[in-house]
Amino acid sequence: MLPPALSFLLLLACLGASRGNLSRDESQPTTSDETVVAGGTVVLKCQVEDPDDSSLQWSNPAQQTLYFGEKRALRDNRIQLERSTPNELTISISDVVLSDEGEYTCSIFTMPVRTAKALVTVLGIPQKPQIFGHEQPIDEEKIARLTCRSSGSKPAAQLRWRKGNKELKDEGTEVVEDPNGKTFTVSSRVEFRVTKEDNDAEVTCAVDHESLQNVERSTTQKLQVHYKPTAKIEPHPMYPREGEKLRLQCDGQGNPVPQEFLWEKEGSDTPLQLSSDSVLFFPFLNKSDSGTYVCTATSSMGSVVAKYNLDVSDASPVPSTSGPYHAVIGGVVAVIVFLLLSLLIVLGHYLIRHKGTYLTHEAKGSDDAPDADTAIINAEGGQASGDDKKEYFI
């Protein structure tokens, strides 16, 4: 058993050692790694529980002191003091560039000096992508080969393709380091067979990168597809008649549009017209103009034939297609004629009736009269007071 004095000394030594270990742990500064987009601002925080009357210091990857406590040590206006206390030293770096990337050191000058590292990662923002291979029109049924390229990404970006709303699978991706040795250029290729429906279709190349923060950066180009022409013949007017004018319009469609039109009549050995004008004009139609007319429309992609059967009608009006409208007018006219006829019948009956009454009045009482004077006296108009006007002769 140890003497009491020795035991006390051993206890003090243990307490001192314990306190020394605790002081070393509490004097260790702490930091955290940071990621920042080029052009942004990064904040570096260093904390310590027990500064032991020492100041904190931040140094850059080149071991240049940035701040020692509240004192600026490097002349760089991008670096600002955010907070300085015995337990914390926080600084910020704005307008970050790729060369700012690296390990920053926080130090506390105790015995011994203790340090903590903070790795700053700077993301390179990819440039807007460019699409190559769409400059010239592509013939239908041929293979379109397009390339998309974007530079300046760090780490290397990913590229996506789509045509309209449909995703396209790329044929390969190439990553090349840029001359600065820090960023990358990414290229991607797609291939697909085009049809006439792909004319004016939009092809989009989009960049995926963590620096874009879910904002799409993309480029869209329209495809130009050359395809064979189509044609149809439209008559003006729709129902040609003898003696009228007629225009036959050969409506040619395509990419490129037809530039040459050949007009012929079946059964005739001589072409009617060959020019860039798509209209065949008849100033005065005859029955002899009837027949089948052929238009051959030609473009750089080929030729197409359209036919029209012309049947010249007589000069009499062609039945109108507006039957319901004319039926309504005919019904109104029929009603008016019926009313007029009814009115004439009623008027005729009225006139006949009054004419008979006049004749009856004129002849009444004359049949039994012995002479004209008596007939006049016996007439209806003169009988009203006949009894009162009797005369007696003695």
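Author: Start with a term: buried means under 20% relative accessible area, exposed over 50%, and partly exposed in between, with a 1.4 Å probe and protein chains only. The chain has 394 residues, and 31% of them count as buried. This is a predicted model, where local features need pLDDT of at least 70, side-chain atom pairs count only at pLDDT 80 or more, and totals for chains, interfaces and linings use all residues. Residues are numbered from 1 along each chain as its sequence is written, and side-chain values use heavy atoms, leaving out hydrogens and water.

The secondary structure comes to three helices and 25 strands. These are DSSP runs, numbered from the N terminus: helices are H or I with at least four residues, strands E with at least two.

Now the core. A nonpolar core is a set of buried Ala, Val, Leu, Ile, Met, Phe, Trp, Tyr and Cys residues joined through side-chain atoms within 4.5 Å. The largest one has 21 residues, and Leu44 and Trp58 have the most contacts inside it. Strands 2 (42-47), 3 (56-59), 4 (65-68), 7 (88-93), 8 (102-108) and 9 (114-123) each supply at least two of its residues.

Look at Leu44. Contact means heavy atoms within 4.5 Å. Leaving aside neighbours within four places in sequence, Leu44 touches Glu34, Trp58, Leu89, Thr90, Ile91, Ile93, Tyr104, Ala118 and Val120. A second, separate core has 19 residues, including Val190, Cys205, Leu223 and Val225.

Contrast Leu344. Its place is in helix 2 (residues 323-363). Leu344 is exposed, with a relative accessible area of 56%.
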